[in-house]
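Q: Can we go through this structure together? I'd like to start with the strands.

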Amino acid sequence: MSDTRYLDWPFFEPCHVTLARELDEWATQHASGSHGSDVDAQCIALVRALGQGGWLRHAVGGVAYGAASDTIDARAICLIRETLARHSGLADFAFAMQGLGSGAITLDGSLDQKQRYLPRVANGEAISAFALSEPDAGSDVAAMASAAHIDGDHAVLNGEKTWISNGGIADFYVVFARSGEAPGARGISAFIVDANTPGFEIAERIEVIAPHPLARLTFTDCRIPLAQRIGAAGEGFKVAMRTLDVFRTSVAAASLGFARRAMDEGLHRATTRKMFKGVLGDFQLTQAKLATMATTIDSAALLTYRAAWMRDQGHNVTREAAMAKMAATEGAQQVIDAAVQLWGGLGVVSGQPVEVLYREIRALRIYEGATEVQQLIIGRDLLREAAG
Ligand SMILES: Cc1cc2nc3c(=O)[nH]c(=O)nc-3n(C[C@H](O)[C@H](O)[C@H](O)COP(=O)(O)OP(=O)(O)OC[C@H]3O[C@@H](n4cnc5c(N)ncnc54)[C@H](O)[C@@H]3O)c2cc1C
């Protein structure tokens, strides 16, 4: 385990410290190593292993449904994502998607939905996905075009979703579609769509710089029982935002894990690379680089665990979560870039840890609200407060 002094910060309870330490040991045995070529198989294996290890119990809420606690513990999911990301981007992804994909059910699902889906998500038997984005509705979620028309006790779903993580391996998808109660964001509903539903198809697999299961989905006259709708008709946008609100801080935590790993790799190189009759770390320019990296990491960690702690105390954390996500993802990109620089030519060799991190971090500045979207959230919140 790398520098763990932050676990002494007052944000954490003893149970959090134990969780982080035990997971680090588990991840060293089960989640380290390269992604390999069959990303689907590895991701499925990681979900099963995380389930068997008991870690996925933290990704859902409701002890009655196999969860570790009745509400999702923000500090726990942040520590888990940070720790897993330090070992393996794919392991972090596998954990995060179980939470994001089932988050709407934890937060707004019916008793029956919770009973049918959450225990299987918590033990790693069922893989979940969150299908919000569309080709013409990414940052502008309310522009979505997928539609759900009511026909008796079913909704008939037509449309397309893209950039869907776990697309192709998920057992069920939480899908958001326009249900027509009102224009814009007030006319969207959320549905659970099982992967074997007739009319549902994986239209295209998408290859990205850090390989993860990712796909474009199509829905053609998919008949979804209304019992599969999450929350009330027209409330889907709120359901989506509530889900993202829980998990946004954990994206910051994952970035932190990538950055800490880059710091470890940078320090290793600085202390071992011989040059000019000394080692790289002897030079003040290197010391300045390391100092900036460490300070960026601590700033991001403070913002991340402040937001997680506040959420666990029941505070609204819209501004704090946006600050954490923006600072941690942007900061991690800089830290990782500095680590690549410290590694010189080796830093850009395919498969080297810092090269892998360089590719892993990039998408986190874009998904679950790009940095510009976080800036808007923070700016508007400040102006609202100033206006009284
Ligand atoms: C690896 C990966 C995994 C993903 N997984 C999922 C998933 O599981 N489920 C899902 O639903 N979606 C997922 N997404 C989609 C992701 O949420 C969207 O990519 C994101 O919301 C941005 O949408 P977009 O790609 O359409 O970019 P656009 O909305 O076209 O935005 C392009 C850029 O414009 C800038 N921008 C945005 N808004 C503003 C503004 N108001 N002012 C100025 N600039 C702005 C930002 O820099 C942004 O990157 C994933 C994406 C990636 C890359």
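Q: What is the bridge partner of Tyr173 in E5?
A: Tyr173 has Val193 as its bridge partner in E5. Strands here are DSSP runs of at least two residues (E), helices are runs of at least four (H or I), and both are numbered from the N terminus. The model is predicted, so local features need pLDDT of at least 70 and side-chain atom pairs count only at pLDDT 80 or more, while totals for chains, interfaces and linings use all residues. Residues are numbered from 1 along each chain as its sequence is written, and side-chain values use heavy atoms, with hydrogens and water left out.

Q: How many bridges join E4 to E5, and are they parallel or antiparallel?
A: Strand E4 (residues 172-178) and E5 are joined by 7 bridges and run antiparallel. Two strands pair if DSSP finds at least two bridges between them.

Q: Which residue of E8 is the partner of Ala190?
A: That is Ile230 in E8. Strand E8 (residues 229-230) and E5 pair over 2 bridges, in the antiparallel sense.

Q: How many residues of E5 are buried?
A: In E5 (residues 188-194), 6 of the 7 residues are buried. Buried means under 20% relative accessible area, exposed means over 50%, and partly exposed is in between (1.4 Å probe, protein chains only).

Q: Which residues of H2 are buried?
A: Val39, Asp40, Cys43, Leu46, Val47, Leu50 and Gly51. They are on the same side of H2, because they cover an arc of only 135° around the axis. The arc is taken from the directions from the helix axis to the C-beta atoms.

Q: What do they pack against?
A: The buried residues of H2 pack against helices H1 (14-30), H3 (74-87), H4 (89-108) and H5 (111-122), and against strand E6 (200-205).

Q: And what follows H2?
A: Gly54 follows H2, with a positive phi near 90°.

Q: Now charges. How many salt bridges does the structure hold?
A: The structure holds 20 salt bridges, each a side-chain nitrogen of Lys or Arg within 4 Å of a carboxyl oxygen of Asp or Glu.

Q: What does Glu204 form a salt bridge with?
A: Glu204 forms one with Arg216, and their closest N and O atoms are 2.8 Å apart. The pair links distant parts of the chain, with Glu204 in strand E6 and Arg216 in strand E7 (residues 214-225), 12 residues apart. Glu204 counts as partly exposed because its relative accessibility is 37%.

Q: How far apart are the closest N and O atoms of Asp245 and Arg311?
A: They are 3.6 Å apart, and the two residues form a salt bridge. Asp245 lies in helix H6 (residues 236-272) and Arg311 in helix H7 (residues 284-312), so the pair ties together parts 66 residues apart in sequence.

Q: Is Arg319 buried or exposed?
A: Arg319 counts as buried, because its relative accessibility is 16%. Arg319 is found in helix H8 (residues 318-342).

Q: What is Arg319 in contact with, leaving aside neighbours within four places in sequence?
A: Ile378, Asp381, Leu382 and Glu385, where contact means heavy atoms within 4.5 Å. The side chains of Arg319 and Glu385 are joined by a polar contact of 2.9 Å. A polar contact is a pair of N or O atoms within 3.5 Å; within protein, one must be able to donate a hydrogen and the other to accept it, and residues adjacent in sequence count only if both atoms are side-chain atoms.
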